[in-house]
Amino acid sequence: SSVAQSPGGQSGNLRMWLKANAGVSTSVWNDQTSNNNDFSQYTSSLRPSITNNIINFNPAYYFDGGDYFNGQNRNYRRALVYFVIRGENWGNRSRLLNNNSYSLRYEQWNNTGTLGFTRYSIRDYNSGISSPFGQVSIISFEKSRNSSNVLIKKIVDGVSTTNNLNTGSSNSRFPLNEYGRYLQGYTAEIIFYDNTKGSRAE
């Protein structure tokens, strides 16, 4: 369902907006744009739970390491995605958005303690940026269509850390197939644009 507002007033090229204080039902996390990029989980044992007043006094979905959402069979060579998240250090990797070919990682395999990007059967790319375990953070991944680089940025308490990660292929993509597998912690919001920051009006 569409909404009148958009995150930060930036509606151009907005493809998905998930937030835990709107569009939430038992099984579906509804996209707040008109693009129907809803995420869902109909198996109760795999379903994340809502916790109120957990991130900046707002609700968030809690993932226990076994929970995840199924999304849409879509992926983008050019994209910018933001996650408002407070993750936990519990396993040997944590996936954010994921499909069978590509994965945006809250923690890169294997117990690296860093953000990363994966091309399955090719390589796990390590950003060198520490995963902000236990801290409320904004994490973003950004990629231009004809570039092999993924710009990864972490903001914690107003302090930002960035790294331009070379993924080895301009065909690297950001998927919308799945969110949160092997992730433990809270996610309050996901904002997905099919364009880069430099290409949109500020």
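Mentor: The account below goes from the ring pairs to the nonpolar core, and then to the charged side chains.

This is a predicted model, in which local features need pLDDT of at least 70 and side-chain atom pairs count only at pLDDT 80 or more, while totals for chains, interfaces and linings use all residues. Residues are numbered from 1 along each chain as its sequence is written, and side-chain values use heavy atoms, with hydrogens and water left out.

A pair of aromatic rings is described by the distance of the centres and the angle of the planes. Rings of Phe, Tyr and Trp (for Trp, the six-membered ring) pair if their centres lie within 6.5 Å; planes under 30 degrees apart count as stacked, over 60 as edge-to-face and the rest as tilted. This rule gives a count of 12 aromatic pairs. In one of them, the ring centres of Tyr-61 and Phe-69 are 5.0 Å apart and the planes stand at 85°, so the pair is edge-to-face. Tyr-61 and Phe-69 are both buried, where buried means under 20% relative accessible area, exposed over 50%, and partly exposed in between (1.4 Å probe, protein chains only).

Phe-83 and Phe-141 also form an edge-to-face pair, because their ring planes lie at 85° with the centres 6.1 Å apart. Phe-83 belongs to strand E8 (residues 79-87) and Phe-141 to strand E13 (residues 137-143), so this pair ties together parts that are 58 residues apart in sequence. Helices (H or I, at least four residues) and strands (E, at least two) are DSSP runs, numbered from the N terminus. Phe-83 is buried at a relative accessible area of 0%, and the value for Phe-141, likewise buried, is 0%. One aromatic cluster is formed by Trp-29, Tyr-61, Phe-63, Phe-69, Phe-83, Phe-141 and Tyr-179.

A nonpolar core is a set of buried Ala, Val, Leu, Ile, Met, Phe, Trp, Tyr and Cys residues joined through side-chain atoms within 4.5 Å. The largest such core has 33 residues, of which Phe-83, Phe-141 and Tyr-179 touch the most other members. Strand E8 gives the most to this core, with four residues. Apart from this core lies another, of six residues, including Ile-55, Tyr-62, Tyr-186 and Ala-188.

Contact means heavy atoms within 4.5 Å. Phe-141 is among the residues touched by Ile-152, as are Leu-115, Ile-129 and Leu-165. Ile-152 itself lies in strand E14 (residues 149-156) and is buried, with a relative accessible area of 0%.

Charged groups also meet the rings. A charge sits over a ring if NZ of Lys or CZ of Arg is within 6 Å of the ring centre and within 35 degrees of the ring normal. Arg-93 places its charged end over the ring of Tyr-182, 3.8 Å from the centre. Arg-181 lies over the face of Tyr-68, at 3.8 Å from the ring centre, and is partly exposed at 24% relative accessibility.

Arg-181 also has a salt bridge with Glu-178, at 2.9 Å from N to O; a salt bridge is a side-chain nitrogen of Lys or Arg within 4 Å of a carboxyl oxygen of Asp or Glu. Glu-178 is buried, with a relative accessible area of 9%. The structure holds two salt bridges. Asp-194 and Arg-15 form one of them, their closest N and O atoms being 3.0 Å apart. Asp-194 lies in the segment after strand E18 (184-193) and Arg-15 in strand E1, so the bridge ties together parts that are 179 residues apart in sequence. Asp-194 is buried at 13% relative accessible area, whereas Arg-15 is partly exposed at 26%.

Lys-19 is buried yet has no salt bridge, and Glu-189, the nearest side chain of opposite charge, is 5.8 Å away. For charge, Lys and Arg count as positive and Asp and Glu as negative; His and the chain ends are not counted.

Note on methods: Lists of a residue's contacts leave out its neighbours within four places in sequence.
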